[in-house]
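Here are my notes on this entry. Please read them with the structure open.

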Amino acid sequence: MLALLGVTAAVLVAGAPWVLHAAAGGTGLAPPQNVGVDIIDDIFTLQWDRSREPPGAVAVSADYQVPGMVDIWTELPGCQHVTSATCDFSSLHPYAYEEVRLRVRAEDGGLTSPWHELDPFVPYQQARIGPPEVHLEAEDKAVAVSISLPGAADGMWQLDRGSFVYSVVIWGNATGPQAWNKTLRSRNPRIKVHGLLPETTYCVTAQARLLLHRNPAAFSPARCVSTPVESELPAPENVKVVLENQTYVLRWDYTWDNVTFQAQWLNSYLKRVPGRRPEKWAHVQGCEHTPRARCALPPGLLWREVYLRVRASHGARSSSWSEEWKFDAGRRATIPPPVVALKALDSHALHVAIGLRNQTELQHLLTYEVRFWENTTNTERTIVEQRTDFPVPGLRPRTVYCAAARALLAAGPRSQHSGPSNTACARTAAGGGPGARLAPGLTATLAALAALLVLCALAAAGKLAHYVFFPAGQPPSALGEYFPEEPLKNLLLPASVERTEPCCVIENADTRSAGGTRGDEDHKAYASQTSQDSGNYSIEDGSAGSGGQGGEELGPPGAGLVARSACGREVCVTRGPGPRGL
Amino acid sequence: MTSRCPLRLTILLCLAGAALSVNYGVLRFQLQSSTSACRELLRQLIRSPQYCLADTRDFQIPEEVKQPRQVQKEEAMVVMHEMLQQIFSLFCRNFSSPGWNETVMENLLEELHWQMDRLEEAMQQGEFPWESRTVHRLKTYYLGIIRYLKAKSYSRCAWTVVQVAILKNFSFLNGLIDALRD
């Protein structure tokens, strides 16, 4: 039993290399360990752990494949039979944007290890950005930093030269509580740091990172420079552009007299242009040798986005350039100027209406900046509105106010806007003084009066309806006085017949005089009633027209006459208060 | 005058819109109007395409740029920025090429720069697909154009062929701009 175990163990031990051999695919060598790719700028490096064998004993070879371009495994140039722990495969740079596959194996004489395949990768994505080159130039209380991108012009970053973001760290050589440092970010490889001290050493380190990718980036080694003695002619300060009376004016501060100023401009897109060409600044027309610390910008600059800078000159000497001011008057070409109309609302308010000449999809995106001023005093205010119709309250009566607007397409810190609109003026209505204070009360009074009128009208309408539908039974007594003849009385029955009940007892002519008092009383009772009947009557007893004989057919006393009006209603014909004209 | 209910809704929407960092309606409008201007400027720049017809070449722009289907606005912005950047760099390469109207070229570069500024502003916030394969394929496309120009020694005909290809790029950009919706 023991012998059996011993033999088994011996076989196992002896067979170990064989086992390894079998496990290693028949070569006896293990593939390289910890294989990795390191790409910095244009240098592609493959690296692995050194083997434990004596150096030179085991070599490494690699193959590559680029699916779609190099479909079969191909020997990787620069990485064949390499005895060190790294190899350079930068020859694959044409495939920087493609997915690359690599495999490596160890070789020892005639023996080879199995292939070890790395995870596929895109070199551009794997690459680290090396430290850039930094060049410094000291100026009067300023340092100009110029950054050069790492890598060859046709290397890894050849298509990204305009997409870098530069970080610059600058620090003074003072230590302790006076230590100072500043970090700046810029899209432009030329950065000028202003506001420094004269005769001081400053050191700078810079890093270039890609705007839209997350590749790690290294900082450059520090470079140092000393600023000179302070110049007698300092650079202008606080350079800016302001809007004065609808004109853009470049202004700056300068403490010295007897100098002239020179302003220059640069198209801001030029700062994006990759390359080491010097920036092509041009003179600002009208600001070549101005003695004043201001100059109006020529119209040509207002349609562009530009950088502006100024320097002072005295005789042959010039100061260094000021800090640059980025100016963008807004791209007015794309937003049409609005149209403004003003009209009086009352003595204290005007109504502003803003329209766009071309009804574009722009309208709902725009905000309006309205300048509103009193014509005589020029006191001005600015109203920002998204509505195109709005009132401006709190104004003085009988005063002319004017307004002009521009449309803004607000988008981030720089809004785009149209040119100015027309100027519209209007006068507020008359009023003011005590009238102004009474205005609310007056409005209430008017409202109350209006309500009263409405009530009266309703009451009158009610009475009329009552009169029409429920006329009084008696004709006016006066009727008999003037028209004693029966037939005519019938004719003179007024259009506005009054009745007290739907169909009523009517006095006939014979009983009229006896009931005259009563008729009067009725008359008085019905005096205020009105009728809306059309007044065209025909007597149903067959007589029509003037009805001269109608009276004889009146019938016995107490009987009523029923007439039908032209509108077809039955009405009781009574002797009401006097004939009324139609 | 509008009735009160839509007015309240409009105010709410405006407030909500103001709370979001990017107004895509404004961005779309700005990019569309600028792309239109670029197309017009490029048309003015292209001279005598007829006799250069023999040189026409398909540089094979990635399919997903030609027909952006269902693309997320973040990817659209990254792709657009790449295209604008490459077109800008391309035209900067031989800026003072004889025969080119310098004013037109300046205006074109200004427009491209302005569009990139607008996009970069909008991309200061949010998550973007930085490792987009489309961007890699676009780089290969533009590298192909640069190699073609070099091989043809930046001849006038070669430039004309490239300008015609870039004109089509602006049409593709319009398709991507449409993807910028909330």
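Which residues of chain A form a nonpolar patch on the surface?

1. The patch. L446(A), L449(A), L452(A), V454(A), L455(A) and L458(A) make it up. Together they have about 610 Å² of accessible area. One of them, L452(A), sits in helix α4 of chain A, residues 434–469. Bear in mind that this is a predicted model.

2. Chain A as a whole. The chain has 582 residues, and 43% of them count as buried. Its secondary structure consists of eight helices and 34 strands. Among contacts with a separation of 6 or more, 67% join residues 24 or more positions apart. The accessible surface is about 30,400 Å². Carbon and sulfur atoms account for 56% of that surface.

3. Extent of the interface. Chain A brings 40 residues to the contact and chain B brings 38. About 3,700 Å² is buried between the two chains, 53% of it from carbon and sulfur atoms. On the chain B side, F29(B), W130(B) and K139(B) give 18% of the area that chain B buries against chain A, more than any other three residues.

4. The rule finds six salt bridges between chain B and chain A. R187(A) forms a salt bridge with E120(B), with the closest N and O atoms 2.7 Å apart.

5. Which helices of chain B take part? Each of α2 (24–45), α4 (73–93), α5 (102–122) and α6 (133–151) of chain B supplies at least two residues of the side that touches chain A. The largest share, 11 residues, comes from α5(B).

Terms used:
Residues are numbered from 1 along each chain as its sequence is written. Chains are lettered from A and ligands numbered from 1 in the order in which they are written. This is a predicted model: local features need pLDDT of at least 70, side-chain atom pairs count only at pLDDT 80 or more; totals for chains, interfaces and linings use all residues. Side-chain values use heavy atoms; hydrogens and water are left out. Patches are made of residues with over 30% relative accessible area and no salt bridge: like charges are joined within 9 Å, nonpolar side chains (Val, Leu, Ile, Met, Phe, Trp, Tyr) within 5 Å. Accessible areas come from the Shrake-Rupley method with a 1.4 Å probe; for residues, only the protein chains shown count as cover. A salt bridge is a side-chain nitrogen of Lys or Arg within 4 Å of a carboxyl oxygen of Asp or Glu. Helices (H or I, at least four residues) and strands (E, at least two) are DSSP runs, numbered from the N terminus. Buried means under 20% relative accessible area, exposed over 50%, partly exposed in between (1.4 Å probe, protein chains only). Contact means heavy atoms within 4.5 Å. Buried area is the accessible area (1.4 Å probe) that two parts lose on being put together, summed over both.
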